[in-house]
Amino acid sequence: MADKKFFGAAQELRIKLSEMINAGKEPFEIVLELAKLLGEISGEDSYYQTTREQILAVYGFAFRDKFILENEISEVKARLEKISAAYENSDFTEEEHIRIGYAIESHKKEIARLESLKNV
């Protein structure tokens, strides 16, 4: 007899997959969402991040897939926004502000690099 916990998890994945396909989601978006769910089910929190990094390396950097690159650009921009907000916080020391400033510049350069890959 099949494990009820496994059956419930498998059923959840099947339903989610059907919903995403019927909604016309991008194939990579589907893969990433399934990786996220599999990581949660298996208790491997890092599974999604590892899968995302692999997809970015192969399909984003090597194949220059625009969806993957746009997704990464959005992630970097979101981090830049948070870092920029932190920079405005007067609770940080001058040295911390300098380090945060380096992080801001690094994120801006990464966005430019990803944009250039997308436009090739």
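The model is predicted, and its chain averages a pLDDT of 90, with 94% of the residues scoring at least 70. Among the elements of the chain, the mean pLDDT is lowest in helix 1 (residues 4-22), at 84, and highest in helix 5 (residues 94-118), at 95.

**Helix 3 and helix 4**

Two packed helices are described by the angle between their axes and the distance between the axes. For helix 3 (residues 46-62) and helix 4 (residues 66-87), the angle is about 125 degrees and the axes lie 9 Å apart. The crossing of helix 3 past helix 4 is left-handed. On the side of helix 3, the contact is made by Arg 52, Ile 55, Leu 56, Tyr 59, Gly 60 and Phe 61; helix 4 contributes Ile 68, Leu 69, Asn 71, Glu 72 and Glu 75.

Glu 72 is a residue of helix 4. Is Glu 72 buried or exposed? Its relative accessibility is 9%, so Glu 72 counts as buried, the limit for this class being under 20%. The side chain of Glu 72 forms a polar contact of 2.6 Å with the side chain of Arg 52. Apart from neighbours within four places in sequence, Glu 72 is in contact with Arg 52, Leu 56, Arg 79 and Leu 114.

**The loop between the two helices**

Arg 64 is placed in the loop between helix 3 and helix 4. Its phi is near 60 degrees, which is a positive value in a residue other than glycine. With a relative accessible area of 30%, Arg 64 is partly exposed.

**His 97 in helix 5**

His 97 belongs to helix 5, the element with the highest mean pLDDT. The relative accessible area of His 97 is 16%, and this residue is therefore buried. Which backbone oxygen does the side chain of His 97 reach? It is that of Asn 89, at 3.0 Å. When residues up to four places away in sequence are not counted, His 97 touches Tyr 87, Asn 89, Ser 90 and Phe 92.

| Residue | Relative accessible area | Class |
|---|---|---|
| Glu 72 | 9% | buried |
| His 97 | 16% | buried |
| Arg 64 | 30% | partly exposed |

Note on methods. Residues are numbered from 1 along each chain as its sequence is written. This is a predicted model: local features need pLDDT of at least 70, side-chain atom pairs count only at pLDDT 80 or more; totals for chains, interfaces and linings use all residues. Side-chain values use heavy atoms; hydrogens and water are left out. pLDDT is the predictor's confidence in each residue, from 0 to 100. Helices (H or I, at least four residues) and strands (E, at least two) are DSSP runs, numbered from the N terminus. Buried means under 20% relative accessible area, exposed over 50%, partly exposed in between (1.4 Å probe, protein chains only). A polar contact is a pair of N or O atoms within 3.5 Å; within protein, one must be able to donate a hydrogen and the other to accept it, and residues adjacent in sequence count only if both atoms are side-chain atoms. Contact means heavy atoms within 4.5 Å. Axes are lines fitted to C-alpha atoms, for helices over the stretch in contact, and angles run from 0 to 180 degrees between N-to-C directions. A crossing is left-handed if the near helix is turned anticlockwise from the far one by less than a right angle, and right-handed if clockwise.
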